[in-house]
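The following explanation leads the reader through a structure, from the meeting of its chains to the details of one chain. Please keep the sequence and the model in view while reading.

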Amino acid sequence: MRPRARLAVAIAALAAAALPSSGAEIPLNERRSAYEDMSRDNKSMQDDDTSNPGMLAVLDGEALWSAPAGASGKSCADCHGDAKASMKGVAARYPAFNDNANRPVNLEQRINLSQEQDQKAPTFAYESKEMLALTAYVAMQSRGEPIAPPADPRLQLFIEKGRAAFNQRQGQLNLSCAQCHDDNWGKHLAGNTVPQAHPTGYPIYRLEWQSLGSLQRRLRNCMIGLRAEPYAYGAPEYVDMEVYLMWRARGMTLETPAVRP
Amino acid sequence: MAARTLINVPQKARRGEVIQIKTLISHIMETGFRHDNVGRPIPRDIITSFVCTYNGETIFEAALYQAIAANPFITFHTVATESGTLAFKWTGDNGFVQEASAKITVG
């Protein structure tokens, strides 16, 4: 059987096994990072900063942090100082509510807002080398910190939107995110362990991609797997999902830059 | 952006000790076998050679080909013989050259 056909059969079997959906969220004390499902080699690749390929992008991000940009001639460091102090814990609380946008913005969007409004510089495209590098550098300052979504009542609506999307069946395979990641985590889909889908290490270095990628790239990945049409990068639907996923992973430890197979 | 390297060499070692050296370099390692979304071939752009010298003497070299993944991670062992410098050089397509070095104290 061709791999794609085999995958389809596996997904169909999984869908049948999952009915009726329990619809229950994973109890807080049973949550685990997909790090724990990795091989010993992959774990050691993530743990050693001189073998973690995500650290190459972090070095690029560190250079961007202190490079002047745009009409203001200012660098990130000119306003924010040493990222090790000023950016500690920031990635752990994004997406956060933005007053001007009147909705949550994720870390990538926040970086672009600062470039546009403060640096008067052109913004970075999603998944561009620069955007991934700067996000990885900022997010790495929160490595080891617990994920701490802000206790902002204005976010509640977006948590609910994200949760609804997470439980919504979609695509030609007619599966919801929850059917795999809430109801069947730890089981196998073809050769892979179904993870609980906690965004603990983004941007991640995925060996399959041979590059760093954002959470939205990973979400597109799953949508294409369901044969649903992915949203455009930066779409509010993705940000709502990010808000929900970070809330769902609250208290878990950030690992950025994480390595995944 | 320029290539980035990460080198892991023990700072100190005993004479005669076998030490592990780990090197990582950022490079896309584009195979030359792929096509873009309108069918044009994407030209090959890979690292073709890696050399490590220990106080000027070549102790390890490798030829790299298209099957090597992006951001090549090369790790190998050597015997710590004397204090000095381990120098690393990667060369590749389109005039790519990157160098790095690390000091080691052997006592």
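Between the two chains, 10 residues of chain A are in contact with 12 residues of chain B, where contact means that the C-beta atoms of two residues, placed from the backbone, lie within 7 Å. On the side of chain A that touches chain B, helix α3 (residues 54-65) gives the most, with 4 residues. By class, this side of chain A has 4 nonpolar, 4 polar and 2 charged residues; Ala, Val, Leu, Ile, Met, Phe, Trp, Tyr, Cys and Pro count as nonpolar, Asp, Glu, Lys and Arg as charged, and the others, Gly among them, as polar.

The model is predicted: local features need pLDDT of at least 70, side-chain atom pairs count only at pLDDT 80 or more, and totals for chains, interfaces and linings use all residues. Residues are numbered from 1 along each chain as its sequence is written, while chains are lettered from A and ligands numbered from 1 in the order in which they are written.

Chain A has 11 helices and 7 strands; helices (H or I, at least four residues) and strands (E, at least two) are DSSP runs, numbered from the N terminus. Of the 261 residues in chain A, 36% are buried, that is, 20 or more other C-beta atoms, placed from the backbone, lie within 10 Å of the residue's own.

Helix α10 (residues 215-225) of chain A has buried residues at A:Leu215, A:Gln216, A:Arg217 and A:Leu219. The buried residues of α10(A) pack against β6 (211-213) and α11 (236-248) of chain A. Just after α10(A), A:Arg227 takes a positive phi of about 60°.

Helix α11(A) also meets helix α8 (residues 156-166) of chain A: their axes come within 7 Å and cross at roughly 95°, the axes being lines fitted to C-alpha atoms over the stretch in contact, with angles from 0 to 180 degrees between N-to-C directions. The two helices, α8(A) and α11(A), are therefore roughly perpendicular to each other, a term for angles of 65 to 115 degrees. By class, their contact has 9 nonpolar, 1 polar and 4 charged residues.

Strand β6(A) belongs to an open sheet of 3 strands in the order β6-β5-β7 (chain A), with mixed pairing; two strands pair if DSSP finds at least two bridges between them. Because β6 and β7 (259-260) of chain A stand at the edges, each with a single partner strand, one side of each is left without a neighbour in the sheet. Strand β5 (residues 204-206) of chain A runs antiparallel to β6(A), joined to β6(A) by 3 bridges.

Conventions:
Buried ≥ 20, exposed ≤ 12 C-beta atoms within 10 Å, placed from the backbone. Parallel < 35°, antiparallel > 145°, perpendicular 65-115°, else oblique.
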